[in-house]
Amino acid sequence: MQSHSTASAAADHTLPPQATWRQVLAGSQMLFVAFGALVLVPLLTGLNVSVALFTAGIGTLIFQLVTKRQVPVFLASSFAFIAPISYGVAQWGISDTMGGLMVAGLVYIILSQVARVGGVEAINRYLPPVVVGPVIMVIGLSLAPVAVSMALGYQGDNQVVPTGTALAIALPTLLTALLVAICGRGMVRLLPILCAIVVGYSLSLAFGIVDFTPVRDAAWLALPDFTAPSFNWQAILFLLPVAIAPAVEHIGDMVSISSVTGKNYIKKPGLHRTLLGDGLATTAAAALGGPPNTTYSEVTGAVMLTKNYDPKVMTWAAVSAITLALIGKFGAFLMTVPTVVMGGIMILLFGSIAAVGMNTLVKHQVDMSESRNLVIVAVTLVFGIGGMALPMGEFVLEGIALCAITAILLNLLLPKSR
């Protein structure tokens, strides 16, 4: 076995250019898999797409540094952040929202230390499925009206595309995402969002609702339009609990990628290192005006299909993302995707988030006939979907933050059945 490994290493050493090109192409492929979701988060939240690409690359490199380049994952923003970022931007502006997200990165860092001391069991004690499940469901269901409104041609309160035209674009976009997710084969099955964007954009061109003025005005090469954070305690308190759901999702991703590669990343480099990598990447991204970073399930699927377990591939994916971020016209082109296209995709996307929350309860066999569990789930769902708000002086606790805090407190305070 040792001689075989030595021979392989020697073979790789004799062909470094070919090996490097294979890694570059594989890295570009991984970025391609994550690309649809990667650009959708900034498009939906009003952030800069080029900044999102740049910070995803930087975040992945930070993650690799913290985990000693042992885990083959690519980092970008989770859909769970869409609702709170959108609310934060509308309420306090991008700078204050970025300040809140920088501090939210500390939640990951705190959880990493909890994992270092007590392992996964310690995190599950404070964030069991009965807490995480309904919070994830609220994230998806609370966004449902926004998805339908955009699919009908509205942008905020203004109808920018006639209803008939909007539905003629949004519904085929949605159908494409559905068909690719269900009927797709191989790598194509991992690209439902990207395929849907291509179809929706093509229809938008046919209906003449795409404006190419930003592309004409943009420079070929340009630094992304970074935004410096500012710190507003209201935005910070609102965004702090938001990291909980993606942090729990991160644990699932680590288990998945471990099973795919045959290595136990929970033990080596350790869950505390992977969570710390996520936290530092999120803080670094927000410091530049980008959405928070977390691990990507789609990339895990791509690793499984391609059997390419080399973490160096993700280094090249990160470099590719940073390179694309510096092409001004490319970022401007992405900003031309019409609202109705995103609305069609969001119908599936936000429904899927709610389904993931439901699956969390089902997969972990949370007994809903037990009064304690029923109370936690019921109160969390009604608070989130009903729009409960708790005024605290000038600050109002509401939305995902209120749901997360409510679920955690109920879980800690309610007596467990014998």
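Helix 4 (residues 82–92) crosses helix 5 (residues 94–126) in a right-handed sense; a crossing is called right-handed if the near helix is turned clockwise from the far one by less than a right angle, and left-handed if anticlockwise. Helices here are DSSP runs of H or I with at least four residues, numbered from the N terminus. This is a predicted model, in which local features need pLDDT of at least 70 and side-chain atom pairs count only at pLDDT 80 or more, while totals for chains, interfaces and linings use all residues. Residues are numbered from 1 along each chain as its sequence is written, and side-chain values use heavy atoms, with hydrogens and water left out.

Let's stay with that first pair. The axes of helix 4 and helix 5 come within 7 Å and cross at roughly 135 degrees, where axes are lines fitted to C-alpha atoms over the stretch in contact and angles run from 0 to 180 degrees between N-to-C directions. Helix 4 and helix 5 are therefore oblique to each other, a label for angles that are not under 35 degrees (roughly parallel), over 145 (roughly antiparallel) or 65 to 115 (roughly perpendicular). On the helix 4 side, Ile-85, Gly-88, Val-89 and Trp-92 meet Ile-94, Asp-96, Thr-97 and Leu-101 of helix 5, with contact meaning heavy atoms within 4.5 Å. These residues divide into 5 nonpolar, 2 polar and 1 charged; Ala, Val, Leu, Ile, Met, Phe, Trp, Tyr, Cys and Pro count as nonpolar, Asp, Glu, Lys and Arg as charged, and the others, Gly among them, as polar.

Trp-92 turns up again in a cluster, where ring pairs link it with Tyr-87 and Phe-238. Rings of Phe, Tyr and Trp (its six-membered ring) pair if their centres lie within 6.5 Å; planes under 30 degrees apart are stacked, over 60 edge-to-face and the rest tilted. The structure holds 6 aromatic pairs. In one of them, the ring centres of Phe-54 and Phe-226 are 5.2 Å apart and the planes stand at 65 degrees, so the pair is edge-to-face. Phe-54 lies in helix 3 (residues 49–66) and Phe-226 in the loop between helix 10 and helix 11 (233–239), 172 residues apart. Phe-54 counts as buried at 15% relative accessibility, whereas Phe-226 is partly exposed at 31% (buried is under 20% relative accessible area, exposed over 50%, partly exposed in between, with a 1.4 Å probe and protein chains only).

Finally, helix 8 (residues 163–183) and helix 17 (residues 339–363) pack at about 40 degrees, with their axes 8 Å apart.

Note on methods
Helices (H or I, at least four residues) and strands (E, at least two) are DSSP runs, numbered from the N terminus.
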